[in-house]
Amino acid sequence: MATVSPIMRQLGCFRSLMKPQPWMQPHRSISTSYTPKPEPAPLPSKLPQSFLSQLPSRLQPSQGRKKLKVYPPPPTVRSKCKDPVGAVTESQLATLDPTGERKALFDYRRNPRSVKVGDILRVTFKNGDPFSGVCLSIRLRGVDTAFLMRNELTRVGVEMWVKVFSPNVESVEIVQRTEKRKRRARLYYMRKPKHDMGSVENIVSNYLRQKSALTGQSRPGQKRR
């Protein structure tokens, strides 16, 4: 085989150096300049109406800004009545409780002689039999004020929510007040057999007997002699 002479080897290296490299090639760049949008040329003021009618509204010569009609705001009730909900509640209470006795009877926050949880109450209805029981909870909600009573009828615990300002409620009587102030606002623990008072019919019957003796009126269901 023929051997490559050292002179030819040097010429080959030189030729490789003479080849154009990528970094030697010129780079081309494109630069653009921002051209602002030309302003529309105003139309001549005097044009025939037939020509103006063919142009859309956005291209027609402007006749100045169109004045919009501004309507005054409607009269607000807040200027006359700052608390509409409270005013409606007071009007309803004036109709349902004109004397304010029932409101004071269950306003335990302001009236110290009001009904408290743990008291035994007797509620008389216009339609239906009266119901007696222990007051377990009082819910103050304005016109929707209600209280929960619990009693035992035929060895079965019975509970009833009574609306204070209901037209069907004729009277609410405090049969017996609790001996000491309860430490809870809701006596739901009395549902358990350990703390259940059971039936309160004996206490209510004694209360009605004493009431009839003081007032001289016979109890309902009792025959006069």
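Biologist: Which strand does V172 lie in?
Modeller: Ground rules: this is a predicted model, where local features need pLDDT of at least 70, side-chain atom pairs count only at pLDDT 80 or more, and totals for chains, interfaces and linings use all residues. Residues are numbered from 1 along each chain as its sequence is written, and side-chain values use heavy atoms, leaving out hydrogens and water. Helices (H or I, at least four residues) and strands (E, at least two) are DSSP runs, numbered from the N terminus. On that basis, V172 belongs to strand β5.

Biologist: Is V172 buried or exposed?
Modeller: With a 1.4 Å probe and protein chains only, buried means under 20% relative accessible area, exposed means over 50%, and partly exposed is in between. V172 has a relative accessible area of 16%, so it counts as buried.

Biologist: What separates the C-alpha atoms of V172 and R102?
Modeller: Beyond four places away in sequence, V172 touches L105, F106, R122, V123 and F147 (contact: heavy atoms within 4.5 Å). R102 is 70 residues from V172 along the chain, and their C-alpha atoms are separated by 8.3 Å.

Biologist: Which residue's backbone nitrogen does the D119 side chain reach?
Modeller: D119 sits in the loop between α4 (101-105) and β1, and it counts as buried because its relative accessibility is 2%. At 2.9 Å, the side chain of D119 reaches the backbone nitrogen of T178.

Biologist: How many disulfides does the structure hold?
Modeller: A disulfide is a pair of cysteine sulfur atoms within 2.5 Å. C81 counts as partly exposed at 22%, while C135 is buried at 0%. The disulfide count is 0.

Biologist: Which strand supplies the largest share of the largest cavity's lining?
Modeller: A cavity is a set of points on a 1 Å grid, over the protein atoms alone, where a 1.4 Å probe fits but cannot get out; lining residues have an atom within 4 Å of a point. The largest cavity holds about 40 Å³, and its lining includes V134, R150, M190 and D196. With 3 residues, the largest share comes from β3.

Key: A polar contact is a pair of N or O atoms within 3.5 Å; within protein, one must be able to donate a hydrogen and the other to accept it, and residues adjacent in sequence count only if both atoms are side-chain atoms. On a 1 Å grid over the protein atoms alone, a cavity is a set of points where a 1.4 Å probe fits but cannot get out, and a pocket is an open set with protein on both sides within 12 Å along at least five of seven lines; lining residues have an atom within 4 Å of a point. Grid points are joined across faces, edges and corners, and a volume is the space filled by probe spheres set on the points.
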